Amino acid sequence: MEIRILGTAAAEGWPAVFCGCATCTRARHVGGKNKRSRASVQFGAHHKIDLPPDTWYHEAVLGADLSRLKYLFITHSHPDHLSIDQLDYLDAPFAHNRPLPVSIYGNKDVVEILRSAFGSVDTEKARIFEIEPFVPVEVGELVFIPTLASHKQNETCLNYVVSFEGKSVLYASDTGYFPEETWKFLEHLHLDCVICECTDGPNPGGKYHMDFTHLFAVKERLEEMGVFRNGIFVATHFSHNVGLLHEEIEDILIKKNILTAYDGMSITL
């Protein structure tokens, strides 16, 4: 199974829109892995987590192919993770020769936004499903299990454990240090790969986003629990406010055996 990390930035992108800080200026000059779009990840041809406003860029520049997308899971309702207007282009005259309807899964807030857009939970374009934390959803050859994130107040924000062919991946985007309910659930699993956000980098965080300290603590706790051993651990979802370019982040994380994600990064399990 190929897993493609299609975006690795926080909500403002990197370089951030309208920003003239030193970090964004350096990123514009150096380019390459220092240019980061809004976060998303794709599993094979049919499954995807989140629909950021940079989805067209992911297709045109990074080579993502969403023409066969069947299942879309949303972490929460923030517009960098659910760019609702893009769903207008699922069918003709904008899209042809693709499977419809697309099944879209999310929490109560996400479902309300989708219902407002489509006017129903079941249309020719999409079928909409409300999901609950820790209740598995079997879709095609994959199983998605939502876990609780610590992020937006007054919303049940989700991360996902994705399982296939005896492998399991935790995708944790837009979350601080995991709630204890999530840790209790994870203790019964074996994770082959963890893709975890690190929005704040060296800056203090941990409540609604991760910093380096909390990222390291997550990895260490998973290892101590015996849930994660000798797998692939990747940091993603960076804000330009970390003040570091890709190689500078990489130099810090590699000491903890953590890979630094970049747009278009591919992992094969």
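## Burial and the aromatic pairs

A residue counts as buried when its relative accessible area is under 20%, as exposed when that area is over 50%, and as partly exposed in between. In this predicted model, Phe228 is buried, and Phe233 is buried as well. A pair of aromatic rings is described by the distance of the centres and the angle of the planes. For Phe228 and Phe233 the ring centres are 5.6 Å apart and the planes stand at 75 degrees, so this pair is edge-to-face.

Across the whole structure, a search finds 12 aromatic pairs. One of them joins Tyr177 and Trp183 in a tilted arrangement, with 5.4 Å from centre to centre and 40 degrees between the planes. The two partners can also be described by their accessibility. Tyr177 is partly exposed, with a relative accessible area of 25%, whereas Trp183 has a value of 1% and is buried. Ring pairs also link Phe43, Phe73, Tyr105, Phe129, Phe144 and Tyr160 into a cluster.

An open sheet is formed by 7 strands, which follow the order 7-8-9-10-11-12-13 with mixed pairing. Its edges are strand 7 (137-139) and strand 13 (259-260); each has a single partner strand, so one side of each is left without a neighbour in the sheet.

Within this order, strand 11 (residues 191-197) pairs with strand 12 (residues 228-236) in the parallel sense, over 6 bridges. Glu197 has Thr236, in strand 12, as its bridge partner.

## Salt bridges

The structure contains 8 salt bridges. One of them joins Lys125 and Asp91, whose closest N and O atoms are 3.8 Å apart. Lys125 lies in the loop between helix 3 (108-118) and strand 6 (126-130), while Asp91 lies in the loop between strand 4 (71-73) and strand 5 (102-106), so the pair ties together parts that are 34 residues apart in sequence. Lys125 and Asp91 are both buried.

A salt bridge also connects the side chains of Arg221 and Glu180, at 3.1 Å from N to O. This pair links distant parts of the chain, with Arg221 in helix 5 (residues 212-225) and Glu180 in helix 4 (residues 180-186), 41 residues apart. Arg221 has a relative accessibility of 24% and therefore counts as partly exposed; Glu180, at 48%, likewise counts as partly exposed. In a further salt bridge, Lys152 meets Glu155, with the closest N and O atoms 3.3 Å apart. Lys152 is partly exposed at a relative accessible area of 30%, whereas Glu155 is buried at 10%.

## The largest pocket

The largest pocket has a volume of about 380 Å³. Its lining consists of 15 residues, and those nearest the centre of the pocket are Thr55, Glu59, Leu66, Gln86 and Tyr89. Helix 2 (residues 55-60) supplies the largest share of this lining, with 3 residues. By residue class, the lining of the largest pocket comprises 9 nonpolar, 4 polar and 2 charged residues.

Conventions. Residues numbered from 1 in each chain as written. Predicted model: local features only at pLDDT ≥ 70, side-chain atom pairs only at ≥ 80, totals over all residues. Heavy atoms only, no water. 1 Å grid on protein atoms, 1.4 Å probe; cavity = no way out; pocket = protein on both sides within 12 Å on 5 of 7 lines; lining within 4 Å. Points joined across faces, edges and corners; volume = space filled by probe spheres on them. Helix = DSSP H or I, 4+ residues; strand = E, 2+ residues; numbered from the N terminus. Nonpolar A, V, L, I, M, F, W, Y, C, P; charged D, E, K, R; others polar. Salt bridge = Lys/Arg side-chain N within 4 Å of Asp/Glu carboxyl O. Buried < 20%, exposed > 50% of the residue type's maximum accessible area, 1.4 Å probe, protein only. Pairing = 2+ DSSP bridges. Phe/Tyr/Trp six-rings, centres within 6.5 Å; stacked < 30°, edge-to-face > 60°.
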